[in-house]
Amino acid sequence: MVTFCLSLLALVLGYFLYGRFVEKVFGPDNRVTPAVAKADGVDYIVLPGWKVFMIQFLNIAGTGPIFGAIMGAKFGPAAYLWIVLGCIFAGAVHDYLSGMLSMRNGGAGQPELVGLYLGETTKKVMLVFSVFLLMMVGAVFVYSPALILGKICSDDLLWVYIWCIIIFFYYIFATMLPIDKIIGKVYPLFAISMLFMAVALMAVLFIKWPTLPELYDGISGEGFITPIFPALFITIACGAISGFHATQTPLMARCVKSEKMGRPMFYGAMITEGLVALIWATVSMYFFYGGAAQELGLPLTLQAPEVVTGVSEGWLGTFGGLLAMLGVVAAPITSGDTALRSARLIIAEFLHLEQKTIMKRIWICIPLFGATFLLLYFNISDPDGFNIIWSYFGWGNQTLAVFTLWAITVYLVRERKAYWITLLPAIFMTVVCSTFLMVSKNAFGFDMMVGYGVGGAALIISVAWFCTWKYKNGKHI
């Protein structure tokens, strides 16, 4: 628990110290934001700051900081290091600067921003890549909450299918309606539920004060998954850094009244997500390695959704468990529908198709939801469908972060700002994604040494590319 307490403190200090530094590097001012300049009553609407924070937190959270942290805890105390350092120096920086750049560019989506700084060809690649990733999010975030809700109703698998249908139809309406009709009214309540769940579980941890693996015992060891690199950095994404967030920040960048609200809205929401991930990583270490599974009478072989259900009900009782479960179920559902909303806006932006007219929203949504439904069908029909989609989502998610970080780095260089704040995480995540692509059984499946070799080559090539680009463009910067 010592490592857990120090990690909590580090995340809070990271927001106030490094977050303020990153804000100073960007330099928010009093210019008119897209929420005011482009108000359309559908996607560009000024919302109160607290609502923007709650919606942003819920949009980026999903099941990532929960399920990812549960699976990541099996790597040992190294999970603490990645959540803390990744969140402060990579994830929160990524979220803040992508949100602020979107605001500076009229509420532009992630592919538009990438194209602006990395070129039109990269923009087109990112368009296809990001839309497909968002459809995967929609499919995965239908099935994972449906599993939990179905289990609450009955052990009959039919209930899982029923909930899949209900959630999918909800997605259609939430994606089509103006952002203040459902998202602006209901999502803050769901966010409060999720935060309640995290705080309640943290209180239980402090009361029980279990003996857990500590960093001073070693970052990993016997009984934990090895090797740590690169799998840990793909498994724990939303609690450390996630490219998916760059597709979500423009939604709220279109609803913020002042640039100076950016740090609590974007950097702060990511730090909050890191806190949730930290709590669930600690709960999981207690569950798998500290005896909690035996105390609750549960097997150690439970999957992440079952761990969530068992711990919430066992520790928080019926009422507390239901509230906690509401937070866990609402998070993926709300991330799923905003993912598809982002996909609609990205496509509309590329086609220069205004979205105030409902029929023009429908024209985009029909093929979008059709393709998402096919992914959902694969997810359900194939016994390993969820794991396959999640694996590709994990790699695709972090690869999206790579492109976003490089785009922001180019912006910072051009503006003569401290570009190293995104250059270092961009290089690191380039190496992670390159290595994982080589060794993943769902990709090339090469030997680990081959993966490390490719990762090393990616390190050299990315550094050489950046230095060459900066030297050639130095006179124009």
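A: A residue is called buried when its relative accessible area is under 20%, exposed when it is over 50%, and partly exposed in between. The model is a predicted one, and the values below are computed from it.

Thr272, which is found in helix H13 (residues 262-289), has a relative accessibility of 15% and therefore counts as buried, since this is under 20%. Leaving aside its neighbours within four places in sequence, Thr272 is in contact with Phe53, Phe57 and Leu195.

Helix H15, which spans residues 304-351, holds both Ser342 and Arg341. Ser342 has a relative accessibility of 2%, so it counts as buried, and Arg341, with a relative accessible area of 1%, is buried as well.

If residues up to four places away in sequence are not counted, Ser342 touches Leu134, Thr247, Gln248 and Leu251. For Thr247, there is also a polar contact, in which its backbone oxygen lies 2.9 Å from a polar atom of the Ser342 side chain.

Arg341, with residues up to four places away in sequence again set aside, touches Val42, Asp43, Ala174, Thr175, Leu177, Pro178, Ile179, Ile183 and Leu251. A polar atom of the Arg341 side chain lies 3.3 Å from the backbone oxygen of Val42. As for Ile66, it stands 275 residues from Arg341 along the chain, and the C-alpha atoms of the two are separated by 23 Å.

The remaining point concerns a pair of helices. Two packed helices are described by the angle between their axes and by the distance between those axes. Helix H18 (residues 420-439) packs against helix H19 (residues 448-472) at an angle of about 150°, and their axes are 8 Å apart. The crossing in which H18 passes H19 is right-handed. On the H18 side, the contact is made by Leu423, Ile427, Thr430, Val431, Ser434, Thr435, Met438 and Val439, while H19 contributes Met448, Gly451, Tyr452, Val454, Gly455, Ala458, Leu459, Ser462, Val463 and Phe466.

Key:
Residues numbered from 1 in each chain as written. Predicted model: local features only at pLDDT ≥ 70, side-chain atom pairs only at ≥ 80, totals over all residues. Heavy atoms only, no water. Axes fitted to C-alpha atoms, helices over the stretch in contact; angles between N-to-C directions. Helix = DSSP H or I, 4+ residues; strand = E, 2+ residues; numbered from the N terminus. Left-handed = near helix turned anticlockwise from the far one by under 90°. Contact = heavy atoms within 4.5 Å. Buried < 20%, exposed > 50% of the residue type's maximum accessible area, 1.4 Å probe, protein only. Polar contact = N/O pair within 3.5 Å; in protein donor to acceptor, adjacent residues only side chain to side chain.
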